Amino acid sequence: MSKDRLRRALLPTWPPESVSEAMLLLVCAAALGLLIELWALPGGAILAQPRVDDAALALLAALARPMALGLLLALAARTILVIPSSLALGLAALLLVGTWPAPLVEAFTNLPTGALMWLTPVCVAVMALPAARLTRARISRVLLLAFCSALLTAAVAHYDMAHAWLLDAVGGAVRGALVFGISHARREALDSLPLLAFCLLGWVLLGGAEARRLIAAALRGTAWPWLLAGSACLTWGFLVHGAALDAVPGIMLPPAIYAPLGLLGALGASLVLARGWQARRSGAAGDAATGELGIVAVCGLALAYLAGLGSLLAVTLAGGLIAASTLPGANAGPGRALRLAIGALCAVCLYGAGAMAVPGIGLPVVDALTLAGLLGAGTAFAGLAFSARSRMAAAFWLVVLFVALALLALGGGRGDMVGLCGALLGVMLLFLLLPGRTSAGRLGDAALCCLGLLAAATAVFLA
């Protein structure tokens, strides 16, 4: 058995037997293409950086485009040829071979720029013909895949131009690009996030039920209110410390805004991992494979790393604690005092993660009002999550939560938000009188109130 695993690790089987094995092929194809480009065109590389962290970010930025292209090609193959995800990803790895000749031709020939621009799409389309025939698909589907592959390759090659044009159209490119503290490598890596988000959206919509089931399972029960509240806390830390540096509205524009968005993606990935791990332990039908969960973990860590090492550590700790608190059966786990402490710690960690994502911020300094508000809000939200039967207990925790939110508003220099906190508290107490209102419903209402307060504060900061 061990020899067979070693052989498969060194020489993967065809067709790939799992999504993780196919993703390994895709990463290898993208990495080999990057190595060929570095060897043939060393002058165009951004990998040589004076600092190790910048070099790692440059590597992520360089791999993001070919990986995004591979995921889009795999999605096209799955949709057009109607094949499993593992086989589609394996075919995409073969199609990425079509990106290898372009740097060699550019380095050793004198072809005009117009011809070089279309060389890679043509090579990928040519590679699609034998690759799709491996699935015994009809010739019409094979030709359609070749055509779509060429279009996707050309679109990804012109992504920077389209991204810049879109930002210019909404007036957001200049101020966001000039935010201090963003190195060239980090800016390149952050600029790739919209492309990767588009790939994820495409796989959720068109990639079959597996991807949708994996995400939906992570948001059941009380998980989505925790995710909303945690997102509001993280964004509040980013916004307040950006305002303290007089960097608003610059940090609310690309590419700086992509850093907290990456942290939010990592926070969601932690919930997916927790639910997938629990499903595997319980032997639930249709649970995610270990390799698939490993892919989610790697993607979540990469997204969090874009915001900085400190943000990665903080959001990883908070995500793990939130995931453990929202698992089914968590009510039989730690005691009430420990759950309240976990809620308070999560609020502090997420606030710190958002603050450290601001360019130019190291370890954030938190004043007494803000610290009291964070500890109170996290404790109150955790208490509200576990006050299932008692309306009096729920009312108490709601009062504590909104007092803590008022303290956060004062600590952030927004005393004008205290009245809105009081008004929302009155509405929540009225909702508490409605018959049949469950604990999960009250928790969701509280999370939506936190999100509403964040939206109002953001509008005031940007005014």
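The structure holds one cavity of 30 Å³ or more, and about 400 Å³ of space lies in this largest cavity. The model is predicted. Its chain has 21 helices and zero strands, and 48% of its 463 residues count as buried.

**Largest cavity**
- Of the 24 residues lining the largest cavity, Ala232, Cys233, Leu405, Leu408 and Cys450 are the closest to its centre.
- Five helices supply at least two lining residues each: α13 (223-244), α17, α18, α19 (391-411) and α21 (439-462).
- The most comes from α13, which gives six residues to this lining.
- By class, the lining of the largest cavity divides into 21 nonpolar and three polar residues, with no charged ones.

**Second largest pocket**
- The second largest pocket contains about 1,200 Å³ of space.
- Its lining is made up of 35 residues, and Glu37, Arg65, Pro66, Val156 and Ala157 are the closest to the pocket centre.
- Two or more lining residues come from each of α2 (19-40), α3 (52-81), α5 (101-108), α6 (113-133), α7 (139-157) and α8 (159-170).
- The lining of this pocket has 23 nonpolar, seven polar and five charged residues.

**Nonpolar cores**
- The largest nonpolar core has 94 residues, and Trp236, Ile251, Val315 and Phe402 have the most contacts inside it.
- Leaving aside residues up to four places away in sequence, Val315 touches Leu234, Leu263, Ala266, Leu267, Ala304, Leu350 and Ala353.
- A second, separate core has 41 residues, including Leu81, Leu91, Ala150 and Val156.
- In soluble globular proteins, nonpolar side chains tend to be buried together.

**Overall dimensions and contacts**
- Along the principal axes, the C-alpha atoms fill a box of roughly 75 × 50 × 40 Å.
- Among contacts with a separation of 6 or more, 76% are between residues 24 or more positions apart.

**Valine 365**
- Val365 lies in the loop between α17 (336-356) and α18 (368-385).
- Val365 has a relative accessible area of 74%, so the residue is exposed, the cut-off being over 50%.
- The C-alpha atoms of Val365 and Leu26 are separated by 43 Å, and the two residues are 339 residues apart along the chain.

Technical notes: Residues are numbered from 1 along each chain as its sequence is written. This is a predicted model: local features need pLDDT of at least 70, side-chain atom pairs count only at pLDDT 80 or more; totals for chains, interfaces and linings use all residues. Side-chain values use heavy atoms; hydrogens and water are left out. A nonpolar core is a set of buried Ala, Val, Leu, Ile, Met, Phe, Trp, Tyr and Cys residues joined through side-chain atoms within 4.5 Å. Buried means under 20% relative accessible area, exposed over 50%, partly exposed in between (1.4 Å probe, protein chains only). Contact means heavy atoms within 4.5 Å. On a 1 Å grid over the protein atoms alone, a cavity is a set of points where a 1.4 Å probe fits but cannot get out, and a pocket is an open set with protein on both sides within 12 Å along at least five of seven lines; lining residues have an atom within 4 Å of a point. Grid points are joined across faces, edges and corners, and a volume is the space filled by probe spheres set on the points. Helices (H or I, at least four residues) and strands (E, at least two) are DSSP runs, numbered from the N terminus. Ala, Val, Leu, Ile, Met, Phe, Trp, Tyr, Cys and Pro count as nonpolar, Asp, Glu, Lys and Arg as charged, and the others, Gly among them, as polar.
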